[in-house]
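Please look through the fold shown below, going from the sheet and its cores out to the loops.

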Amino acid sequence: MKNNEKHPAQRRVDVHAKEYKKSHWLAWIISIIAVVAIAAASYSAYIYFKTKNAVDQTYDPKTSVKIKKGEFDGKKKFAVLLLGTDTGALDRTEKMGNTDTIILAIVNPAKKRYTLMSIPRDTMAQMIGTSSFEVQKINAAYSIGGAQMAMDTVSTMLNVPVKYYALVNMGGIMKMIRYVGGLNIRPLLSFEYGGYIFKKGKLTHMGGGGALAYSRMRYDDPEGDYGRQKRQRQVITALIKKAMSANTLTNLDSVLSSISKNVRTNLPFSALQEIVLNYRSSAEKVKSDYLHGYSAYIDDAAYQIQSTKELQRVSDYVRTELGLTPETLDNNETFQNKKNVENGFDFDSGETQNYHIYDYNTGTGDN
């Protein structure tokens, strides 16, 4: 090999970096599969097995599902529930925390695109898997029953199959930023938060603390939680591009340690490899959407109520993207909407109204 030629592995690193720059894969999928890409493009078997060991530690056997041969062959469609929490390291089992960012990612290789369907954290939903009927904000599902309840709750609410998930602890992941030497980011808006000042469009070098502050702020963003999600994706995308550079390999041990403590998924290492290798063309286009809810109060607590029409719209879209026939929704959410409309709730009103929860089993009285 000539001195001015790049090692084949280095060329693959460059290719992967360009692919991610072009596609802007969602934060949580990137956080997991990027380390696999690093392994595939690394300079030695030693780094490969070190990376595999770190990724193996992110695997959640409690929610494991049987993956059929060829399931991620680059032709089949699939969905992954992406969850973002902001507690301590994920190995701290005493506090799981709410998942304040919930996005259903649907990969459609036939159309060479993926869809990011955001679900507002305050969405009213039945918790699927509790011993008795219980309605909460959907972001509580993970803290009540873990990833399985979060997947089951989203699956039942939208009538779509959800088998896979990826969870990232935003607070812990920010430690990685220190390991890679900080990030250069152009803020999407101007604001001050946590002692840090951000100017819209001005290239800003952010350390771990600054990046965490930039991605956490919500109340001063005109887009609220949706704006925060955009900034989180921006930070993680920048982090992955930086982490995949050759210079970062000097801190590989620290980077991999942070990943192993702050990422959880029920997708095994082998499946992640196949996704990286077989679904690059699906990253060519992205469609972003979200459940459009109505603000209402349930027992003095602010909720987002999704109308039956809106739930049906999203269900039809996701099922179609997955190659499934649309079906009429019939679940707790549609039941609650029907009862509330019968008792005066108006989804066309611009006013914030009171919304009542009725016993799904008997259909009478507040739960």
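How many of the eight residues of strand 1 are buried? Eight of the eight are buried, so strand 1 is largely enclosed by the rest of the structure. Buried here means under 20% relative accessible area, exposed means over 50%, and partly exposed lies in between, with a 1.4 Å probe and protein chains only. Helices (H or I, at least four residues) and strands (E, at least two) are DSSP runs numbered from the N terminus.

The model is predicted, and local features need pLDDT of at least 70, side-chain atom pairs count only at pLDDT 80 or more, while totals for chains, interfaces and linings use all residues. Residues are numbered from 1 along each chain as its sequence is written, and side-chain values use heavy atoms, with hydrogens and water left out.

The protein chain holds eleven helices and 15 strands. Of its 367 residues, 53% count as buried. Among contacts between residues at least 6 apart in sequence, 66% join residues at least 24 apart; contact means heavy atoms within 4.5 Å.

Two strands pair if DSSP finds at least two bridges between them. Strands of a sheet pair through backbone hydrogen bonds, either parallel or antiparallel.

Both senses occur around strand 1. Strand 1 and strand 2 run antiparallel and are joined by eight bridges, and Leu-83 has Ile-102 in strand 2 as its bridge partner. Strand 1 and strand 6 run parallel, with six bridges between them; here the bridge partner of Leu-81 is Tyr-165 in strand 6. From strand 1, Phe-78, Val-80, Leu-82 and Gly-84 point one way, Ala-79, Leu-81, Leu-83 and Thr-85 point the other way, and all are buried.

Ser-118 has Tyr-290 in strand 12 as its bridge partner.

Next come the cores. A nonpolar core is a set of buried Ala, Val, Leu, Ile, Met, Phe, Trp, Tyr and Cys residues joined through side-chain atoms within 4.5 Å. The largest has 31 residues, of which Leu-81, Leu-104 and Leu-158 touch the most other members. Strand 1 (78–85), strand 2, helix 4 (141–158), strand 6 (164–169) and helix 10 each supply at least two residues of this core. Helix 4 gives the largest share, nine residues. Leaving out residues up to four places away in sequence, Leu-104 touches residues including Leu-81, Leu-116, Leu-158 and Val-318. A second, separate core of 25 residues includes Val-168, Val-180, Ile-185 and Ile-259.

A search of the whole structure finds twelve aromatic pairs. The rings of Phe-191 and Phe-198 have centres 4.9 Å apart and planes at 40°, so this pair is tilted. Rings of Phe, Tyr and Trp (its six-membered ring) pair if their centres lie within 6.5 Å; planes under 30 degrees apart count as stacked, over 60 as edge-to-face and the rest as tilted. Phe-191 and Phe-198 are both buried. Phe-72, Phe-78, Tyr-164 and Tyr-279 form one aromatic cluster.

Strand 8 (residues 191–193) also contains Tyr-193, which is partly exposed at 34% relative accessibility. Beyond its neighbours within four places in sequence, Tyr-193 is in contact with Ala-213, Arg-216 and Met-217.

Two loop residues other than glycine have positive phi values. Asn-159, with phi near 55°, is in the loop between helix 4 and strand 6 and is partly exposed at 25%. Asp-299, with phi near 50°, is in the loop between strand 13 (294–298) and strand 14 (301–305) and counts as exposed at 71% relative accessibility.
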